[in-house]
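Dear colleague,

Please find the structure below, followed by an account of what was found in it.

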Amino acid sequence: MGTYLFVAGAHPARLHDHAPITPGAWVRLPPGDQGLRATRAVITPGLTGVCPAQAHSAPELAALGAALAEAEESIGLPVGSIAVMPAVETAAGLLAAPELARAPRVTRLLLGESALRAELGMGAATERDLLWLCTMTVVAGAAAGLGRPVADVCPDPGRFEESCESLFRLGFGGRLCEGDEQLTRAAEIFACA
């Protein structure tokens, strides 16, 4: 089953981990230098944006921006046409969220809740336990004038609706979804975002 990116006000897009990449899609890039090397291979006409994993600094995103510009030029795309949605999924990334949000090309943040919980040793945390993580992400994006952030895949599919409603109230504008049923329900919940 594929992962889809649902953002209020936008057409749902496939989130790819590798080629082939469909028009309108986003691509999840591996962290660090591996992601920079992958940039040229994944940039294609019609790609909406990239989602660098474990983003943790503005200089890292500046290097990604330069790689994107080079890749865009090489295939005849206008420089700046590929958006960036950094995945905040490490402690360093969370502390740098305000800096990440202000980096060039960034349109919104993605809170990689499951990876962040694992790094912090939080185990099976409840949404109340994660409130501060969500709030920091929302505030960082809002302060930079970005679109509302996007949440990770729901760890408990049985609580998908309840989780989306809670995220919407906290200021999120979408989430990663698994399958058409979740996409449909997320569209209903985040419609007013």
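Which residues of the largest nonpolar core touch the most other members? They are I43, V50, L61, L109, F172 and F190, out of 46 residues in that core. A nonpolar core here is a set of buried Ala, Val, Leu, Ile, Met, Phe, Trp, Tyr and Cys residues joined through side-chain atoms within 4.5 Å. Buried means under 20% relative accessible area, exposed means over 50%, and partly exposed covers the range in between, with a 1.4 Å probe and protein chains only. At least two residues of this core come from each of strand 3 (26-29), helix 2, helix 4, helix 6 (131-143), helix 7 (160-170) and helix 8 (180-189). Helices (H or I, at least four residues) and strands (E, at least two) are DSSP runs numbered from the N terminus. Another core lies apart from it and has 13 residues, including A13, L15, W26 and A83.

Two remarks on the basis of these values are in order. The model is predicted, so that local features need pLDDT of at least 70 and side-chain atom pairs count only at pLDDT 80 or more, whereas totals for chains, interfaces and linings use all residues. Residues are numbered from 1 along each chain as its sequence is written, and side-chain values use heavy atoms, with hydrogens and water left out.

Surroundings of F190

F190 counts as buried, at 0% relative accessibility. Leaving aside residues up to four places away in sequence, F190 touches F6, A8, C164, L167, F168, F172, G173, G174 and R175, where contact means heavy atoms within 4.5 Å.

A search of the whole structure finds two aromatic pairs.

F168 and F190 form an edge-to-face pair, with 6.3 Å from centre to centre and 75 degrees between the planes. This pair also links distant parts of the chain, since F168 is in helix 7 and F190 in the segment after helix 8, 22 residues apart. F168 counts as partly exposed, at 24% relative accessibility. Together, F6, F168 and F190 form one aromatic cluster.

Salt bridges

Side chains of opposite charge can pair when their charged atoms come close. The rule applied asks for a side-chain nitrogen of Lys or Arg within 4 Å of a carboxyl oxygen of Asp or Glu. By this rule the structure has seven salt bridges.

One of them joins E113 and R117, at 3.1 Å from N to O. These two residues are four apart in helix 5 (residues 113-120), so about one helical turn separates them. E113 is buried, with a relative accessible area of 11%, and R117 is buried as well, at 14% relative accessibility.

R185 has a salt bridge with E165, in which the closest N and O atoms are 3.7 Å apart. R185 lies in helix 8 and E165 in helix 7, so the pair ties together parts that are 20 residues apart in sequence. Both partners are partly exposed: R185 has 22% relative accessibility, and E165 has a relative accessible area of 32%. R185 also meets E188 in a salt bridge of 2.5 Å, N to O. R185 and E188 are three residues apart within helix 8, about one turn of the helix. Salt bridges with shared partners join E161, E165, R185 and E188 into one network.

Most residues other than glycine have a negative phi. Which phi does Q54 have, positive or negative? Q54 has a positive phi of about 50 degrees although it is not a glycine. Q54 sits in the loop between strand 4 (49-52) and helix 2 (58-74) and is partly exposed, at 38% relative accessibility. R105, likewise not a glycine, has a positive phi of about 75 degrees. R105 is placed in the loop between helix 4 (97-101) and strand 7 (110-111) and is buried, with a relative accessible area of 19%.

With kind regards

Note on methods:
Rings of Phe, Tyr and Trp (its six-membered ring) pair if their centres lie within 6.5 Å; planes under 30 degrees apart count as stacked, over 60 as edge-to-face and the rest as tilted.
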